[in-house]
Amino acid sequence: MKELMKKVRKYLKRGIENGDITVDEMENMQKDGAIIIDVRSPQEYEEGHIDGAILIPEYEIDKKALDKFDVTKTIIVYCSSGQRSKKAKKKLEKLGYKTVYNLKDGWFV
């Protein structure tokens, strides 16, 4: 199943959009103190996640992220495909967070 998903994702790969970052960029930012937020479901998070990632599902991001972090901190959001995290990025920006990035193409266990 994982191999099939990799092939499908490679075929459907979209270009980098404004605010998207690669895994390498994310790892460097994480070393510099960026906050990593996994916006997938609790079940997906339990199946595997990026080390140090905080779980805040996309459907709860505007409730749970409000006043949780310093708005000047760098935040990176991710999901399994990049779509939910793209929505979460926009929500965080509306809440006043200044530096929010989306992990391009998401993260798949």
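Helices (H or I, at least four residues) and strands (E, at least two) are DSSP runs here, numbered from the N terminus. With that settled, here are my notes.

1. **What you are looking at.** This is a predicted model, in which local features need pLDDT of at least 70 and side-chain atom pairs count only at pLDDT 80 or more, while totals for chains, interfaces and linings use all residues. Residues are numbered from 1 along each chain as its sequence is written, and side-chain values use heavy atoms, with hydrogens and water left out.

2. **The sheet.** Five strands make an open sheet with parallel pairing, in the order β1-β5-β4-β2-β3; two strands pair if DSSP finds at least two bridges between them. β1 (20–21) and β3 (54–55) are at the edges with a single partner strand each, so one side of each has no neighbour in the sheet.

3. β1 runs parallel to β5 (residues 99–103), and two bridges join them. Aspartate 20 sits in β1, and its bridge partner in β5 is asparagine 102. The side chains of these two residues also make a polar contact of 3.1 Å (a pair of N or O atoms within 3.5 Å; within protein, one must be able to donate a hydrogen and the other to accept it, and residues adjacent in sequence count only if both atoms are side-chain atoms). Aspartate 20 counts as buried because its relative accessibility is 10% (buried is under 20% relative accessible area, exposed over 50%, partly exposed in between, with a 1.4 Å probe and protein chains only).

4. **Phenylalanine 69.** Do look at this one in the loop between α4 (61–64) and β4. Phenylalanine 69 is buried, at 13% relative accessible area. Leaving aside residues up to four places away in sequence, phenylalanine 69 touches Ile35, Ile37, Ile54, Ile56, Ile75 and Tyr97 (contact means heavy atoms within 4.5 Å). Tyrosine 97 is 28 residues from phenylalanine 69 in sequence, yet their C-alpha atoms are 8.7 Å apart.

5. **The cores.** The largest nonpolar core has 14 residues, of which Ile37, Ile61, Ile75 and Leu92 touch the most other members (a core is a set of buried Ala, Val, Leu, Ile, Met, Phe, Trp, Tyr and Cys residues joined through side-chain atoms within 4.5 Å). At least two residues of this core come from each of β2 (35–38), β4 and α5. A second, separate core has ten residues, including Ile21, Ala34, Ile36 and Ile76.

6. **Isoleucine 75.** Not counting residues up to four places away in sequence, the contacts of isoleucine 75 include Phe69, Leu92, Tyr97 and Val100.
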